[in-house]
Amino acid sequence: MSAPASPNADTIEYWNDVLAAKFERFRHVFVGASDVHSRRPLERNGPEPGMRVLDVGCGFGETTLQLAGLVGPGGSAVGTDCCRRFLEVARADARAAGVTNAAFELADAQTAAFEPEFGLAFARFGTMFFADPVAGMRNIRSALAPGGRLLMVVWAPIEDNPWLAFARAVVQRHLPAEASVPVPGPGPFSLSDADVVTRTLTAAGYRDVALERTTAVVQVGASVDEALAFQLTIGPAAGLLREWPEDAERNRNSIETELRAVLEQHARPDGVWMGTSSWAVSALG
């Protein structure tokens with residue numbers, strides 16, 4: 001897959017230079033929280049045996065390996081991501097597991113030159129970061145063979161995701177008022193509105209768009225300390241801390257104290273557990 005210069009170049013650079021190491025550190029937390037949101041959609045609407053499947057924004061490749069298992073030896077799964085480190089881990093995991101029908105390619109799904117050979121294009125939290133969502137989803141559609149379909153999982157609105165919403169609210173209270181204004185553009189909640197998703201996919205040429213909600217209480221840290229570190233490193237709260245470093249540093253003790261107090265309310269003997277919510281979006285190409 002070749003690609004021209006990407007309109008997502010800045011985002012891609014940020015994933016490679018800043019976020020990759022953070023996600024690798026907390027891979028077990030994020031993947032554990034994400035798995036429940038892809039498991040049921042794949043059981044209900046996943047690929048058929050023998051199918052060739054594209055996994056967009058595959059990250060560390062967990063879903064690509066799952067897809068490879070679902071399609072069996074007569075099928076194959078190709079995971080794409082813009083982050084080199086994620087793909088290095090994915091390839092190593094595939095080798096260690098002896099999975100031979102999964103491959104991984106470095107690509108920006110908005111600009112990659114796909115061949116129309118996939119019966120299913122799947123994504124778990126991998127389609128929310130396009131500079132131009134319609135262009136990105138249209139390009140993914142170009143990878144579908146005749147009769148192919150899309151199945152993607154995206155976060156529902158942040159208000160329905162207290163595991164991230166509470167930390168953002170705490171941090172915002174300690175930052176300037178303008179930090180509370182949502183920043184438009186790519187981000188984990190850019191496709192959280194059902195109407196926005198439907199309009200985006202329709203404009204990109206998809207048909208029969210349908211959304212199904214998944215809600216689940218998941219472990220967001222094996223301990224309060226780990227859950228606190230996760231919130232300070234990944235997600236909307238961490239993003240605000242990076243955008244307002246001086247204010248964040250000045251108020252860090254108060255921020256951490258408030259975050260810890262909330263997390264302690266959700267602590268169990270087996271970790272910290274909080275609510276999450278997503279959409280499983282299906283459409284015909």
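Q: How many helices and strands are there in the chain?
A: You'll find 11 helices and eight strands; these are DSSP runs numbered from the N terminus, where a helix is H or I with at least four residues and a strand is E with at least two. This is a predicted model, in which local features need pLDDT of at least 70, side-chain atom pairs count only at pLDDT 80 or more, and totals for chains, interfaces and linings use all residues. Residues are numbered from 1 along each chain as its sequence is written, and side-chain values use heavy atoms, with hydrogens and water left out.

Q: What radius of gyration would a compact globule with 285 residues have, and what does the chain have?
A: The rule for a globule is 2.2 Å times the number of residues to the power 0.38, and the radius is taken over C-alpha atoms. For 285 residues that puts a compact globule near 19 Å, and the chain agrees at 19 Å. Along the principal axes, the C-alpha atoms fill a box of roughly 55 × 40 × 35 Å.

Q: What percentage of the residues in the chain is buried?
A: Take buried as under 20% relative accessible area, exposed as over 50%, and partly exposed as in between, using a 1.4 Å probe and protein chains only. Here 51% of the 285 residues are buried.

Q: Which residues touch the most other members of the largest nonpolar core?
A: A nonpolar core is a set of buried Ala, Val, Leu, Ile, Met, Phe, Trp, Tyr and Cys residues joined through side-chain atoms within 4.5 Å. The largest one has 89 residues, and M137, I140, M152, L201 and Y206 touch the most other members. Contact means heavy atoms within 4.5 Å. Skip residues up to four places away in sequence, and the partners of M137 include F130, L150, M152, L201 and Y206.

Q: Where is the kink in α1 centred?
A: A bend at a residue is the angle between axes fitted to the seven residues ending there and the seven starting there. In α1 there's a kink of about 55 degrees, centred on L19. L19 is also one of the buried residues of α1, along with I12, W15, A20 and F23. Their cover includes α2 (27–45), α4 and α9 (236–243).

Q: Which residue does the side chain of T276 join through a polar contact?
A: A polar contact is a pair of N or O atoms within 3.5 Å; within protein, one must be able to donate a hydrogen and the other to accept it, and residues adjacent in sequence count only if both atoms are side-chain atoms. The side chain of T276 pairs with that of H37 at 2.7 Å, and also reaches the backbone oxygen of A216 at 2.8 Å. T276 sits in strand β8 (residues 271–284) and counts as buried because its relative accessibility is 2%.
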